[in-house]
Amino acid sequence: MGVYLRTFVLTAAAAAAFLVFANMILDPYRIIHAALGNLTFQPNSRVYKLEFLARNCSNYNAYFVGDSRAHILTGQDLQNVGGRRFYNLGAPRDEITSIVRRLKFLMAAGCPIASVIAGESVDIVSDAKNVSLLDTESPLISGENRLAFLGRFFFSSQTLIDYLRQTAFGSQIHFLYDPDGHVEYLWRMKSPADLAAPPCRPPPLSAAERRLLFLKLAPYRELAELSERNHFQAIVWVTPYNSWKQQVFDDPDVRDFLSQLRSIPHLSVVDAERSSPMLSDFTLWTDCAHFRRPVFDALVAPRILELLTP
Amino acid sequence: MLFNSFAFILGFLPLALALFFLLGRLNRVWAAAWLALASIAFYGYWSPKYIVLLLGSVACNFLGGRAIAKRAGSRGGRWLFAFAVAVNLLLLGFYKYADFFASSANDLAKTHIPLLHIALPIGISFFTFTQIAFLADANKGIVKEYRFVHYLLFVSYFPHLIAGPILHHAEMMPQFESAAPYRFSARHFGVGLTIFTIGLAKKVLIADPFGEMVSPIFAAAHAGVPIRLLAAWVGVLAFTCQLYFDFSGYSDMAIGISKLFGIDLPINFASPYKSTSVIQFWQRWHMTLSRFLRDYLYFPLGGNRRGKLRRYLNLMTTMVLGGLWHGANYTFLIWGGLHGCYLMINHAWRSVFGQRQSGVLWTLVSGTVTFLAVAAAWIFFRAEDVPSAFNLVRGIAGFNGIAVHEGASVFWQGVGRLFPQGAVFPEGAFQHLQFTSSRVELAVRFLSAAVLLFAMPNTRQIADGIEGACAAHRRSRIYQYAIPSLAGLLLVAALSQMQKASAFLYFQF
């Protein structure tokens, strides 16, 4: 039986070592390699961006923050006003509590901050308990043990399988990552029917989501206080919704949340125009949740530019 | 702490094992006490406040059992036994059924009894039943004198504490008292690791992915969305697979972990979906619960000794109470009742036609009918409430429509990826996205489950093969290299899929 146990243990150890080695070389989530250029597999933006800024933040003084909708913005969208050097710190399903923690980390590291432009998606409220590898916070922020953190990323066969399936077997490229942190989504809607399909009509917020929505107010207040104390401008823009998703604004809780958000001192809140024909033009939407850059440039950017001091 | 978590596999288990074998070399009672202490810590990890409840229950039942055993056969002993069982049932009833009975009374009699909303102490159904069996045997005078530490370990032993298998003192106490488990054995370790690995793989690689399919479909049914034919069948069959792989996976892990300590637990599953009758199904599914219900409920009710009518009544009573044991909900009552009906029909069939039907065609037909009957009953086991269960029943019968197109609820947004194009959403709705999984993936998942369920040996057969080969000192390359290599690879495959530990379905009972 000793042979049986020995074979078992040695095989398991060899397989585990191979898995870790393959994951470290390929690094699907770009934990130890930079995330740049065309990518089929979405990297973990939170980790690589923070690791990058920890070394290079003196090159930037303005930040786009927010979820995947804010992730596409670059300094050119705001004409690099006042010589600001923008970095996009957005990440998929990002939320304001983590954003504030990251900003505090940057300030503690001595990074200059003149402006923070935060995208607010009132329909996206996430429960921090359900965190995927894609959304895992950097250990610099979470304080997680680094070995446990790396173990989660590099001892995952599912990640490796998904990565190989998406990259090695002729899948299309979905993302173009830029050094300034912004990303281009490379898929498109193909017909007006896509924008009118059932997934583009959201269900009303659940009771749990409503509770989480109002929990966002406290970190927004913290952001406002930080901006006042550290003399930077904090501007929140409410993300545009396509014409079928606009009903989210009819929800009394959403209206109440936005009204409380607007009442926070030292925080400027910008609404996107809600009656533009761009909101029902499928060519301007990547999918039902994500607008393309022209929508932001036409419906949101001018209003932010009015507020940004040169 | 879940068996399928790194905290358990890399922290708790190695520590428990190391100290157990270390102390076992010095003093067997110390080692048993350590294992009992580790088991209580394991329980306390879930809910520290219920440790007192567990220890109180163990102490009272131990003392009660001894008192009953001393008076076995006397009137006083019988009264004491009745009292002790009543206290156990009251405790279980208070935690598990108080709100159910109160809300039922409020619904039926329009009363206004306030609900208590008490959190169910984890494992209470299991440790209560284990101890009622002990009391019943004490009353029959077949309980030996046991050390308290062994009794405490018997009830609280962590591999079985949360979700079984339901143990019998007669099969556990002699093992705790013997010297064998306290010495490290490479044979036990090898077999235990293999059984644990199979269980972990069942849970992580098969049950959990099926669970991702099941949840949105049952949630949609609960929300009142009419579930169409295809989606209903996918939901029901996926849950049929999920429940088996989840619960038998848990049982395998429990048996495997216990084997590492050199202690054998009774098997709980023996390829139940290969059954060709519902009678056979209950001889192969959750076998330790079936054994308990047979020995401590069905037989005391009279079993089959008091005529056919009484036998059917006893069967129905046993199955309905067995259903209610799973949870305080009308859905479990209906599930138990359905199986009671199945068993009555099965026994009636046997009494008319005998048991001699055989042949491949007969096996195929009876196997299919049994599987479909069991799968249909699982709808009530899984559904949130009776209306959503009937929504799914209508769905699998095609009464909610066959094509799944227009007006699909947004609930399907997540589910849509799992289905063939056009099955849930209109053709092309998702073509612009690259994240759709193919219909091939769905087919592969069900086909692999079917192969594992119907064509492969079960865990016990595999483990017996390994143990037999080792005991016979067979120098077979298959047993020495091929099987342990496969098991080692399977362990890494399962561990590397454990990104988030998900609870076992039977933990809620």
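The structure is a predicted model, in which local features need pLDDT of at least 70 and side-chain atom pairs count only at pLDDT 80 or more, whereas totals for chains, interfaces and linings use all residues; side-chain values use heavy atoms, with hydrogens and water left out. Residues are numbered from 1 along each chain as its sequence is written, and chains are lettered from A and ligands numbered from 1 in the order in which they are written.

The predictor gives the complex an ipTM of 0.78 and a pTM of 0.81. Over residues 404–437 of chain B, pLDDT stays under 50. Where pLDDT is low, the predicted coordinates should not be read in detail.

In chain A, 5 strands form an open sheet with parallel pairing, in the order 3-2-4-7-8, two strands being paired if DSSP finds at least two bridges between them. Strand 3 (86–88) and strand 8 (268–271) of chain A stand at the edges with a single partner strand each, so one side of each is left without a neighbour in the sheet. From one strand to the next, the twist averages 20 degrees, where axes are lines fitted to C-alpha atoms, for helices over the stretch in contact, and angles run from 0 to 180 degrees between N-to-C directions. Helix 2 (residues 45–56) of chain A packs on the sheet, where it touches strand 2 (62–65) and strand 3 of chain A; contact means heavy atoms within 4.5 Å.

Strand 4 of chain A pairs in the parallel sense with strand 2 of chain A over 4 bridges and with strand 7 of chain A over 6 bridges. Within these pairings, Tyr63(A) has Val116(A) as its bridge partner in strand 4 of chain A, and Gly119(A) has Trp237(A) in strand 7 of chain A. Because 6 of the 6 residues of strand 4 of chain A are buried, this strand is largely enclosed by the rest of the structure; buried means under 20% relative accessible area, exposed over 50% and partly exposed in between (1.4 Å probe, protein chains only).

A disulfide (a pair of cysteine sulfur atoms within 2.5 Å) joins Cys57(A) to Cys111(A), with an S to S distance of 2.1 Å. Cys57(A) lies in the loop between helix 2 and strand 2 of chain A, and Cys111(A) in the loop between helix 3 (96–108) and strand 4 (115–120) of chain A, so the pair ties together parts that are 54 residues apart in sequence. Both Cys57(A) and Cys111(A) are buried.

The largest nonpolar core has 162 residues, and those with the most contacts inside it include Phe8(B) and Trp378(B); such a core is a set of buried Ala, Val, Leu, Ile, Met, Phe, Trp, Tyr and Cys residues joined through side-chain atoms within 4.5 Å. Apart from this core lies another, of 77 residues, among them Phe64(A) and Tyr220(A).

Conventions
Helix = DSSP H or I, 4+ residues; strand = E, 2+ residues; numbered from the N terminus. pLDDT = per-residue confidence, 0-100.
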